[in-house]
Amino acid sequence: MATSMHSVCGVKTPFQASPWRCSRFQPLLQSQQRFESSVSLLSLPGGFSSLKVSYQERDIRVRCQGGNLHILERGQTETHDFEESANELTCVMKFGGSSVASAERMREVADLICSFPEERPIIVLSAMGKTTNNLLQAGEKAVSCGVSNVNELEELDIIKELHLRTVCELGLESSIISKRLDELEQLLKGIAMMKELTLRTRDYLVSFGECMSTRIFAAYLNRIGVKARQYDAFEIGFITTDDFTNADILEATYPAVAKRLHDDWISDPAIPIVTGFLGKGWRTCAVTTFGRGGSDLTATTIGKALGLREIQVWKDVDGVLTCDPNIYSRAEPVPFLTFEEAAELAYFGAQVLHPQSMRPAREADIPVRVKNSYNPKAPGTLITRARDMSEAVLTSIVLKRNVTMLDIVSTRMLGQFGFLAKVFSIFEDLGISVDVVATSEVSISLTLDPSKLWSRELIQQELDHVVEELEKVAVVNLLQRRSIISLIGNVQRSSLILEKAFHVLRTNGVNVQMISQGASKVNISLIVNDSEAEQCVRALHSAFFESNLSDLYWGSRSGNGSVPTESNGY
Ligand SMILES: Nc1ncnc2c1ncn2[C@@H]1O[C@H](COP(=O)(O)OP(=O)(O)O)[C@@H](O)[C@H]1O
Ligand SMILES: N[C@@H](CC(=O)OP(=O)(O)O)C(=O)O
């Protein structure tokens, strides 16, 4: 690409002196301007994470992100610095339930936001503390408690008391949430009357948590002189599938959310405070949720929509840790992760990140920082597209409990084709998601995704049905109460990881029932009994993260004498 100097946002940037045309997002262009040589790209709403433009009849992809303009052509990326407009929103900061669990925590989070004066953030909030759990429990109880007993439900009391106390302690008017609390009580009475809690009603019920926390927090920021504006995500373009309790975000969300947040910001700047976890079903127009922990996904979606410089998720731990601290308290923060590692870790059960949350960040190549709102000075974990893997062995150990495993052995002879296809078509027909798989020509061992089972409430009856179908082509052994231990790390060193892992498991008398090395190259999964799983994680953690990795090379000690130099698991 020839380079001549042209002005983008008043900053000299090397560009071709020819018209640039936007072929996508046209409806969003302000005053339908074209990409002339001097057109201000930043005058586009929202600093899109990805724009496709035509230049001299060729399609060229341009991406505005943070202070950089990326030009992507024929697989090459050129980056040109230009000044970020003082008008742009810069980052998204998501605060989870533990970060906003009380008035005191809300004050601290407000101080934290104000301690970054250089940022113009969008704030995403979860429900306060354990509110989502309390709402769900209240809903379950309402099904059978009778309409007249609804206002005595313990969980409803806890929710009311927490929110009204918080409002009072922050010096706010209770009117900002009283309408929501009344509606909540009405809804619970409706559930009691109908004696059922559908998935759709469940989503509407839990939405009260985020709707109240964001209203309280926005009102508090305004009270202390920080201009803020509350948004219900389902009103500003978060469009999803109608899979209640487990909805997927649709593409239309990105331009819609970018336009709404950007336009409001430009016409009347105020920190946007957005409900996490919630969307709107595209057919039903009803409130949907992205599954537990879904506010992380709200944050990364906003990050992608607006092409922000950084996505921050603020938790109650010092970042992503080497294992679940509830299983082993000596877990340590992992300083760097790739999107792929983080996605795998989340998918295989690390509660710290929502399983789908890495997708938008990876697609838009926006760094995600996991930080501790209780300890903001801790560096946290930085998640990016690539990292230096030269020293990396094991990054983190993840445990997924209560998994169902199936051993399926073909009743037909070796060499007959179609067995795998037949087995997987049965799962497809029954709409059941498969998790870890190990195969040979005549047998398959696999686990069924427990989160999908949970959301679809796959019960014993349905499992029996799966087995019945599979038994038409195979001998089937159903094994329940199993755990998947996922070793997330550098699978280029799988022999080393496996050697060490199996040594640890053998010394602990644990028999591995299935093993699978993911195509992703960052994950090795081992299936063990539930009853042995936590002990295994602790032993593996000690071996990989608390001892010198050169101890791993038993062979080299007694054999060739070359001891590798890695000093820790990262
Ligand atoms: N590998 C891990 N790294 C960090 N935290 C983990 C890990 N596995 C499980 N956790 C749990 O995840 C919690 C943080 O996730 P979550 O509760 O969803 O945060 P928030 O509600 O603040 O968004 C931690 O308190 C920790 O108990
Ligand atoms: N409040 C929802 C959504 C969420 O993301 O929460 P948290 O950020 O506290 O995990 C939940 O509890 O699932």
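Guide: An axis here is a line fitted to C-alpha atoms, for helices over the stretch in contact, and angles run from 0 to 180 degrees between N-to-C directions. Helices (H or I, at least four residues) and strands (E, at least two) are DSSP runs, numbered from the N terminus. This is a predicted model, where local features need pLDDT of at least 70, side-chain atom pairs count only at pLDDT 80 or more, totals for chains, interfaces and linings use all residues, and side-chain values use heavy atoms, with hydrogens and water left out. Residues are numbered from 1 along each chain as its sequence is written, while chains are lettered from A and ligands numbered from 1 in the order in which they are written.

Start with α3 (residues 154–169) and α4 (residues 175–194). Their axes cross at roughly 175° and come within 11 Å. That makes α3 roughly antiparallel to α4 (over 145 degrees; under 35 is roughly parallel, 65 to 115 roughly perpendicular, the rest oblique). From α3, the contact (heavy atoms within 4.5 Å) uses Leu 156, Ile 159, Lys 160, His 163, Leu 164 and Val 167. From α4 come Ile 176, Ile 177, Leu 181, Leu 184, Glu 185 and Leu 188. By class, 9 of the contact residues are nonpolar, 1 is polar and 2 are charged (Ala, Val, Leu, Ile, Met, Phe, Trp, Tyr, Cys and Pro count as nonpolar, Asp, Glu, Lys and Arg as charged, the others, Gly among them, as polar).

Now take α6 (residues 253–267) and α7 (residues 295–306). They pack at about 80°, with axes 8 Å apart. The pair is therefore roughly perpendicular. On the α6 side sit Thr 253, Tyr 254, Val 257, Ala 258, Leu 261 and His 262. They meet Thr 301, Ile 302, Lys 304, Ala 305 and Leu 306 of α7. This contact has 7 nonpolar residues, 3 polar and 1 charged.

On to the ligands. Ligand 1 is surrounded by 16 residues (a heavy atom within 4 Å). Lys 94, Asp 316, Leu 321, Asn 326 and Gln 351 are the closest. The shell holds 6 nonpolar, 6 polar and 4 charged residues. Look at its polar contacts (N or O pairs within 3.5 Å; within protein, one must be able to donate a hydrogen and the other to accept it, and residues adjacent in sequence count only if both atoms are side-chain atoms). A side-chain N or O atom of Asp 316 is 2.7 Å from a ligand 1 oxygen. A polar backbone atom of Leu 321 is 2.8 Å from a ligand 1 nitrogen. A polar backbone atom of Gly 97 lies 3.5 Å from an oxygen of ligand 1. The protein covers 88% of the 570 Å² of accessible area that ligand 1 has on its own (Shrake-Rupley, 1.4 Å probe; for residues, only the protein chains shown count as cover).

Lys 94 and Gly 97 also belong to the surroundings of ligand 2, along with residues including Glu 210, Phe 277 and Arg 292. A polar side-chain atom of Lys 94 is 2.7 Å from a ligand 2 oxygen. The side chain of Thr 132 places an N or O atom 2.7 Å from a ligand 2 nitrogen. Gly 294 has a backbone N or O atom 3.3 Å from an oxygen of ligand 2. Alone, ligand 2 exposes 330 Å², and the protein buries 84% of that. Its shell has 2 nonpolar, 7 polar and 3 charged residues.

Last, the backbone. Asp 365 is not a glycine, yet its phi is positive, near 55°. Asp 365 sits in the loop between α9 (358–364) and β17 (368–372). Asn 402, also not a glycine, has a positive phi of about 55°. Asn 402 is in strand β19 (residues 394–410).
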